[in-house]
Amino acid sequence: MTDDDRKAIAISYLKSLDAGGVSPTTGLGLFDHFSDDAEVFFPKWGVARGKAEVIQMFTDVGGTLKAIKHHYDGFTWHMNGSDSFAVEGTSEGQHRDGPWMADSPKWGAGRWCDCFTVKDGKITRLFIYLDPDYAGKDTARYGWIPA
């Protein structure tokens, strides 16, 4: 696979999240993007190993989200010609506890980095790094956040 092929898999996966389960560009369902032995990390959930746990993790986390939209034209791709790569970006959406948008407020949720490994057209490893406090409710523990 080329870097462009791997990038297309990542974009299709993200678009399936935005569309609520099926990528409008490829027609692939969210879980069709993953290998049977995939590993996925999400903060405050841990590492899901194997497709059954990946489905459970996305069900648990996705159950807290009413909508999500990634800002594709602002992505920064870190491609290196190998199966592993990273992408940084921003998002906005509606969590069960309230809305979020990157930079609103500047310390809030919405900035993320995904580290992918894609082999044979499937995501085999995805580590998601972001603030899972989408609605910005966890402020008391951080003295630098204004009250």
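Predicted model: local features only at pLDDT ≥ 70, side-chain atom pairs only at ≥ 80, totals over all residues.

Visitor: Are the rings of Trp77 and Phe85 stacked, tilted or edge-to-face?
Guide: Planes under 30 degrees apart count as stacked and those over 60 as edge-to-face. The ring centres of Trp77 and Phe85 are 6.3 Å apart and the planes are at 40°, so this pair is tilted.

Visitor: Is Phe85 buried or exposed?
Guide: Buried means a relative accessible area under 20%. Phe85 has a value of 4%. Phe85 is therefore buried.

Visitor: How many aromatic pairs are there?
Guide: Two rings pair if their centres lie within 6.5 Å. By that rule the count of aromatic pairs is 14.

Visitor: What is the volume of the largest pocket, and which residues are closest to its centre?
Guide: The volume of the largest pocket is about 470 Å³. Its lining has 31 residues. Those closest to the centre are Leu17, Phe58, Gly62, Leu65 and Ile68.

Visitor: Which helices and strands each supply at least two residues of the lining of the largest pocket?
Guide: The lining draws on both helices and strands. The helices are α1 (3-18) and α2 (51-62). The strands are β3 (65-70), β7 (111-119) and β8 (122-130).

Visitor: Which residues in α1 are buried?
Guide: An α-helix has 3.6 residues a turn, so residues three or four places apart point the same way. In α1 the buried residues include Arg6, Ile9 and Tyr13.

Visitor: In which sense does β1 pair with β8, and in which with β2?
Guide: Strand β1 (residues 34-42) has four bridges to β8, where Val40 is partnered by Leu126. β1 also has four bridges to strand β2 (residues 46-49), where Glu39 is partnered by Arg49. The pairing with β8 is parallel, and the pairing with β2 is antiparallel.

Visitor: What is the phi of Lys44, and is the residue buried or exposed?
Guide: Lys44 lies in the loop between β1 and β2, a hairpin with three residues between the strands. Its phi is positive, near 70°, in a residue other than glycine. With a relative accessible area of 79%, Lys44 is exposed.

Visitor: Is Asp120 buried or exposed?
Guide: Asp120 lies in the loop between β7 and β8. Although Asp120 is not a glycine, its phi is positive, about 50°. Exposed means over 50% relative accessible area. Asp120 has 77%, so it is exposed.

Visitor: Is the peptide bond from Ser104 to Pro105 cis or trans?
Guide: Pro105 is in the loop between β6 (98-101) and β7. Omega for the bond from Ser104 to Pro105 is near 0°. The bond is cis.

Methods: Residues numbered from 1 in each chain as written. Heavy atoms only, no water. 1 Å grid on protein atoms, 1.4 Å probe; cavity = no way out; pocket = protein on both sides within 12 Å on 5 of 7 lines; lining within 4 Å. Points joined across faces, edges and corners; volume = space filled by probe spheres on them. Pairing = 2+ DSSP bridges. Buried < 20%, exposed > 50% of the residue type's maximum accessible area, 1.4 Å probe, protein only. Phe/Tyr/Trp six-rings, centres within 6.5 Å; stacked < 30°, edge-to-face > 60°.
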